Amino acid sequence: MPEIKELVKNLAGKHGRTRESLIPILQGVIHEERYISDEAMTEIARELDISAAQVYGTATFYSFLDTQPRGKYVIRVCRTISCAMKGKNLLTQEIEDMLKIKIGETTQNKKFSLLETNCLGWCHKGPAMLVNDDAYTDLTSEKVREIISDYMKK
Amino acid sequence: MSYSNLKRVDLIFDQDCNPKEIIKNTFAKTNDQIVNELLESGLKGRGGAGFPTALKWKYTAEQPDPDKYIICNADEGEPGTFKDREILFKVPQKVFGGMVVCAKVIGAREGFLYLRGEYRFLLPELESQLAKFHADLKDLKIDFNIKIVMGSGAYICGEESALFESMEGHRGEPRNKPPYPTISGFRSKPTVINNVETLVYAFMICMHGARKFKDLGTADSRGSKVFSISGDTPKAGIYELELGMTVEQFVDDFGDGDTKAVQVGGASGFCVPRKKFKETIIGFEGVPTGGSMMIFNSSRSMYNVLHNYLEFFEEESCGQCTPCRVGCQQLIKGIEAVKKGQRHANYLEHLQKLAQTMKITAKCGLGQSVANSFFSIVENFKEEMIY
Amino acid sequence: MSKKINLKIDGISVTVDEGTTILQAAKQLNIHIPTLCYHDDLCIAGNCRVCVVEMKGSRTLPASCAMPTSEGMEIMTNTLKVRTARKHIIDLLLSEHNAKCTTCYKNGKCELQELASESKISTESFIDLVPHKNYQMDAYSPSIIKDDSKCIRCQRCVRTCEELQHVSALSVAYKGDKMKISTFFENPMFEVVCTNCGQCVNRCPTGALVERNYLDEVWAAIYNPDKHVVVQTAPAVRVALGEDLGLESGSIVTGKMVTALRRLGFDSVLDTDFTADLTIMEEGFELLTRLKKALVDKDSSVKLPMATSCSPGWIKFIEHTYPEYLGNLSTCKSPQQMFGALAKTYYAQKRNIDPSKIVSISIMPCTAKKFEADRPEMRSSGYKDVDFVLTTRELAIMIKQAGLDFSALEESHYDSFMGASTGAAVIFGATGGVMEAALRTAYEVVTGREVPFNGLNITPVRGMDGVREASVKIEGTTADWKFLEGAELKCVVAHGLTNAKKVMDNVRDGKASYHFMEIMACPGGCIGGGGQPIPTNAEIRRKRTEAIFAEDSGMKIRKSHENPEVIAIYKEFLEKPLGHKSHELLHTHYKERARH
């Protein structure tokens, strides 16, 4: 809780305390915490002097501004038709099996969350996914296993 | 039977130019000269809506407000589109160049580039390119600054007024129009908002003159366009092609020999079935596109395609207006019910009427364009919807 | 002179001012375009799309509420295209809506129901989406019930909470099919910054936001032979109740209401006006005492300006938003709570009734009063001072349930005692009224003369401007109040919490200095309260306000300190304003609450 307070304060110091700073601050919290807790939102509301409901309403609008606890690595598999046509489902299955979680869930050790997302803009190199900010394309079962294993070791 | 390949153009990615030099030369021209050159070129917005770029700049320039903005819309989110990413990756200086030229014309000192959250990995390189650009401007004694603003995963923020809302720290809900951005945009100030590709073309027109651009394409669709090609094709990727081709010509070049349909313009675009390949021109006179071309061969279920698109819209609608929020849910539940036999096949006609209502009553382009794919897929692949 | 615009609507030419919307222009031609998200008091949303019209030259049908008129425009409001689209839109709303109309609290008063009936949508043509939704119902608040399954996402409540009240307890959350109206983290309304003002309830077109009703509880008390049920009615109820019973807005129905209450079976029909006058005595002396401490005793701990405390929405707002100013609030309970405390003490003693057998009911124009009555501080009689609070709307329902033909009822008078009223008490119901009533008494206490305004009408504090300032020069003071000679009493009146915030920010930032502030949570004051008949708009509030002041000017006694029952209670029971008993029964304290 004190760390969150500190984090939000620093972010507000960096981005400013106007409404325009709200999304950059939320993004900053995501970058550090992977999700925006109710404590974080309350702090942001206090810093920007807006209502907490407005912070919540804004955050929940954006898919990348998670308000549920997420793992250290958030995997977002593209679910657009072009990726689906290139075997997205098999790939998701592969990840689910490896991490023993379903889409929308987080591993018990809080290391991974698995989500689906809309078009990532790699349709010519599908299937594609993001792990946090990094894009992985032309995915195959082997490739996915390799990528996830690497993250597991991190 | 095979046509020769479509004409490849190399305006956008052409590295053989010096952006700083182009800026310098363009700044030596009057604003009228620049606007007239653009007008002459026939350049229309490359985001899909196709508003003449010169007019957008001109209208904004005419506003008396001292504070104006140029915003580069890099919230490329249309399923099947990925060319802006490539442009930003390969020729960012041209994008910035287009922005500073626009800034000169309209009288803006600040510009913003709204980059979709999915492309955050581009940010470090873009920031260093931007530093270089700012240094060049300093050399040229031009007072203009660009800031990169990150999106956070909302397709609707590609809609210009939703993008402003997002930049102002709000939910990305489209505004009522009028007023249009040229009068009241970001921070309620006159604003030009252009797609990444449009800005680069504008910049290239400044470099080469209108002629080189105008000589390409057709009367309604001048110039060339960057296409994002995906789906059942051996040649998936990004191509800059002259406008004016038919879908047939396109398929001959890019299809896998078994093409059943081409979705032109992404989920919000039109599905062209094989029987209409010959007569359909890709461009503003036929099917307009922001660049997304998805090719489907005969192994694909068009029901699945439509279902995928509708799922996308159901989730990515901002949710504020009734036709879009509820309409999308009804369309998807409706085709599911028909497919499962829970509703009679003629329920599809009811849904088509609903789609028509969405097309004319939704608050913004998103809700209005859901009907495009719905109509064109349901009409042309009705059996696949039922059986 | 603004620029004029000529256009045609349904073939009829009309000239309007520039900036007029199509909806407004059509209204000038008496063409009614249906609306849902539109509300006179709020900014334009343009999101329900029910008001779409055809516009010549346009591919799409613009929303008439959001589309400004322009020269030469040709609008069609009644074409097949429009009709089909509108029907679709209503049908879509119904498919997302839990349309169990017969068991809905808003049955018969629902704008969606009305539109559906007008469109003759008999069978739903779309798939019922309700079973696919995880709709939540929040029934934890003592004031307001929020039922998401009835919500049509018009965002009137969100705009109300933000624009009129600057609270934003409600916001739009999520997007797409998941989009909903939500509090912070979907917490119960009870646990967030909601002030319970009920302005959202007043503007909700459906049953998504309604007051928590206590009809069954009140009927049960009435039917219980062991209970003595007393009822008090707030000043603003008498000028609005008629609207829910078929009368014009602005009708004064005091006498009929009293008869109706008696016919409903209440054992004693009394008037909150009595304690409104008592409030003036207590609050007036509190103000004068504070002024004396500050000016004569130079006591720097005295908190000025002093703010009124009769609006429980305002109280909760300041507790959340400006907790450092709680000391500036008058410690007086609201008239409702003073009444409650006295009903189970003074009244019980005098009538020789066991207070545990008294059920104290109040009829209020307010939803926040329900919360107020539940506050733990409000049990100074040893019992819950006010057992149940009904809104004006609930009373209208009871009157209908009892089968009374309201407009045909004879008029009658309140019971005595605690039923006597003055004009000063009546005007509590309108913004500026408490200020005016206080000045009428305070000035006279200090100078021995009537307040120097024509006919006691202190017009500078009247009106509908959001913030109104006035100053009264005090001259010719009596010996006891010499320290106030020549003093300029600076007053401010604000209504609607957005205006309250403006005043408080000015006070906090030292941009304004006042002695006395009257603040009401609701636009127009209590006449525009969250428990008043629906709909509300500036015109309706104006009529109710006019009625309030008409009632005042028609009263024989128009000053609180001249209320004979008030004089009596000080003689028999309370001894003097701010005395020991007053402190015990009529004053309270406040608590700091979290802003975020």
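Analyst: Let's start with handedness: a crossing counts as left-handed if the near helix is turned anticlockwise from the far one by less than a right angle, and as right-handed if clockwise. This is a predicted model, where local features need pLDDT of at least 70, side-chain atom pairs count only at pLDDT 80 or more, and totals for chains, interfaces and linings use all residues. Residues are numbered from 1 along each chain as its sequence is written, while chains are lettered from A and ligands numbered from 1 in the order in which they are written.

User: What is the handedness of the crossing of H2(C) and H3(C)?

Analyst: The crossing of H2(C) and H3(C) is left-handed. H2 covers residues 80-96 of chain C and H3 covers residues 111-119; helices here are DSSP runs (H or I, at least four residues), strands are runs of E (at least two), and both are numbered from the N terminus.

User: Why are H2(C) and H3(C) called oblique?

Analyst: Their angle is about 135°, with the axes 10 Å apart. Axes are lines fitted to C-alpha atoms, for helices over the stretch in contact, and angles run from 0 to 180 degrees between N-to-C directions. Under 35 degrees is roughly parallel, over 145 roughly antiparallel, 65 to 115 roughly perpendicular, and the rest oblique. So H2(C) and H3(C) are oblique to each other.

User: Which residues of H2(C) and H3(C) meet?

Analyst: On the H2(C) side you've got Arg86(C), Lys87(C), Ile90(C), Leu93(C) and Leu94(C), and they meet Leu112(C), Leu115(C), Ala116(C) and Ser119(C) in H3(C). Contact means that the C-beta atoms, placed from the backbone, lie within 7 Å. By class, that's 6 nonpolar, 1 polar and 2 charged residues. Ala, Val, Leu, Ile, Met, Phe, Trp, Tyr, Cys and Pro count as nonpolar, Asp, Glu, Lys and Arg as charged, and the others, Gly among them, as polar.

User: What makes H1(A) and H2(A) oblique?

Analyst: H1 (residues 2-15) of chain A packs on H2(A) at about 135°, with axes 9 Å apart. H1(A) and H2(A) are therefore oblique to each other. Their crossing is right-handed. Leu7(A), Val8(A), Leu11(A), Ala12(A) and His15(A) in H1(A) meet Pro24(A), Ile25(A), Gly28(A), Val29(A) and Glu32(A) in H2(A), a set that divides into 7 nonpolar, 2 polar and 1 charged.

User: How many residues does each chain put into the contact of chain A with chain B?

Analyst: Chain A puts in 30 residues and chain B 37. H5(A) gives the most to the chain A side, with 4 residues, and that side divides into 15 nonpolar, 11 polar and 4 charged.

User: And how many residues of chain C are in contact with chain A?

Analyst: 17 residues of chain C are in contact with 12 residues of chain A. Strand S7 (residues 171-173) of chain C gives the most to the chain C side, with 3 residues.

User: Where do the domains of chain B run?

Analyst: They run 19-214 for domain 1, 224-297 for domain 2 and 302-381 for domain 3, with bounds from an automatic or database domain assignment.

User: How do you know what confidence the predictor has in chain C?

Analyst: Its mean pLDDT is 96, and 99% of its residues reach 70 or more; pLDDT is the predictor's confidence in each residue, from 0 to 100. The complex gets an ipTM of 0.96 and a pTM of 0.97.

Notes. Contact = placed C-beta atoms within 7 Å.
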